[in-house]
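Here are some exercises to work through with the model open in your viewer. Try each task yourself before you read the solution below it.

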Amino acid sequence: MSELVAGSQIVAYWIAAGLFAAAVASGWHRVFAGRWRLLAATGLGALTLAIAVRWVVSGHPPLFGTFENALASAWFIAACALIADRRLGDRIRPGAIRLLLAWAPLTLVYGAFFNREPFPLTISERNLLVDVHAAFAWVAYAALLLVSMVSAQRLLSRDGGDSHADDVAFRGLGLGFAFLTLMMAVGAIYSFMLFADWYRWEVVETLTAATWLAYGSVIHARLLFDWKGRAFHIAALCVLPLLVATFWVWSIYAGTYHHFDITVLKAQ
């Protein structure tokens, strides 16, 4: 039975990845352009099923290790893409939303290279603050990715893009920055509970601080120096590599207490 449950999770995982990829591809096809939303929504449903099965099997939300975080990240990215299409579809071009959605299947493929075996959380990790910290993190990540994709679409458009994209990108940047700040605040509280230390200058937290300062600088430049148009979008794109490194460096660098990809040791 356990093998059947685990198998259903993987099947749903890859169905979601395939549907997201199909949604991105169909969005640029004249015949299927109107069906990308259905494909994306169906993919989100399949991914929700995979997360639900994983949650039941592991006994906790998907936040332990790269595989589980790929599940969570892809879910928030896909949800953000569909929400943006519904709420902002008349203000930003569909290409920007599909560029955002493309990160979902890429993330799922990346997560598949890591350990898939579920692990129970330790006593210190069974804390609501951990769940809140992770939720704030992925909301911030999805929102800031959307900003980057709107900026990319704006810069790549031959006609300069829609001026509405400037306002949408700035508001998205403010939202993502707010959740990034909340993520750091909750993490600091949890760190104090565990280590009696509000901040630890290891690689993930150092990158997080750099990302926070970089996005804060872009907001500062927009508000005080009226950066708009190409200057603003170039600045927003320049921070993207730092954002990605912040959220995924722990999956390849074990020298941080944010690293949760544990090697399975088989009994002899």
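A crossing of two helices is left-handed if the near helix is turned anticlockwise from the far one by less than a right angle, and right-handed if it is turned clockwise. Keep that in mind for the second and third exercises. Please also remember that this is a predicted model.

**Exercise 1. Overall make-up**

Task: Find how many helices and strands the protein has, and what share of its residues is buried.

Solution: Begin with the elements: the protein has nine helices and zero strands. Read from the N terminus, the order is α-α-α-α-α-α-α-α-α. Then turn to burial: of the 268 residues, 48% are buried.

**Exercise 2. Helix 5 against helix 6**

Task: Describe how helix 5 and helix 6 pack, and classify the residues of their contact.

Solution: First locate the two partners: helix 5 covers residues 128–156 and helix 6 covers residues 164–195. Their axes are 8 Å apart, at an angle of about 155°. Angles over 145 degrees count as roughly antiparallel, and helix 5 and helix 6 are therefore roughly antiparallel to each other. Now apply the opening definition: the crossing of helix 5 and helix 6 is left-handed. Last, sort the contact residues of helix 5 with helix 6, which gives 24 nonpolar, four polar and two charged.

**Exercise 3. Helix 3 against helix 5**

Task: Work out the angle, the orientation class and the handedness for helix 3 and helix 5.

Solution: The axes of helix 3 and helix 5 lie 9 Å apart, and the angle is about 50°. Helix 3 and helix 5 are therefore oblique to each other. As for handedness, the crossing of helix 3 and helix 5 is right-handed.

**Exercise 4. The rings around Tyr 13**

Task: Classify the aromatic pairs that Tyr 13 forms with Trp 14 and with Phe 67.

Solution: The structure holds 16 aromatic pairs. In one of them, the ring centres of Tyr 13 and Trp 14 are 5.4 Å apart and the planes stand at 80°, so this pair is edge-to-face. Tyr 13 has a relative accessibility of 1% and counts as buried, while Trp 14, at 36%, is partly exposed. Next comes Tyr 13 with Phe 67: the centres are 4.9 Å apart with 25° between the planes, and the pair is stacked. Tyr 13 belongs to helix 1 (residues 2–27) and Phe 67 to helix 3 (residues 66–88), so their pair ties together parts that are 54 residues apart in sequence. Both Tyr 13 and Phe 67 are buried.

**Exercise 5. A ring cluster and a charge over rings**

Task: Find which residues the ring pairs link into a cluster, and over which rings Arg 222 lies.

Solution: Follow the ring pairs and you collect Tyr 110, Phe 114, Trp 138, Tyr 141, Phe 247, Trp 248 and Trp 250 in a cluster. For Arg 222, take the rings in turn: Arg 222 lies over the face of Phe 170, 4.6 Å from the ring centre. The charged end of Arg 222 also sits over the ring of Phe 232, 5.3 Å from its centre.

Definitions and conventions
Residues are numbered from 1 along each chain as its sequence is written. This is a predicted model: local features need pLDDT of at least 70, side-chain atom pairs count only at pLDDT 80 or more; totals for chains, interfaces and linings use all residues. Side-chain values use heavy atoms; hydrogens and water are left out. Rings of Phe, Tyr and Trp (its six-membered ring) pair if their centres lie within 6.5 Å; planes under 30 degrees apart count as stacked, over 60 as edge-to-face and the rest as tilted. Buried means under 20% relative accessible area, exposed over 50%, partly exposed in between (1.4 Å probe, protein chains only). Helices (H or I, at least four residues) and strands (E, at least two) are DSSP runs, numbered from the N terminus. A charge sits over a ring if NZ of Lys or CZ of Arg is within 6 Å of the ring centre and within 35 degrees of the ring normal. Axes are lines fitted to C-alpha atoms, for helices over the stretch in contact, and angles run from 0 to 180 degrees between N-to-C directions. Angles under 35 degrees count as roughly parallel, over 145 as roughly antiparallel, 65 to 115 as roughly perpendicular and the rest as oblique. Ala, Val, Leu, Ile, Met, Phe, Trp, Tyr, Cys and Pro count as nonpolar, Asp, Glu, Lys and Arg as charged, and the others, Gly among them, as polar.
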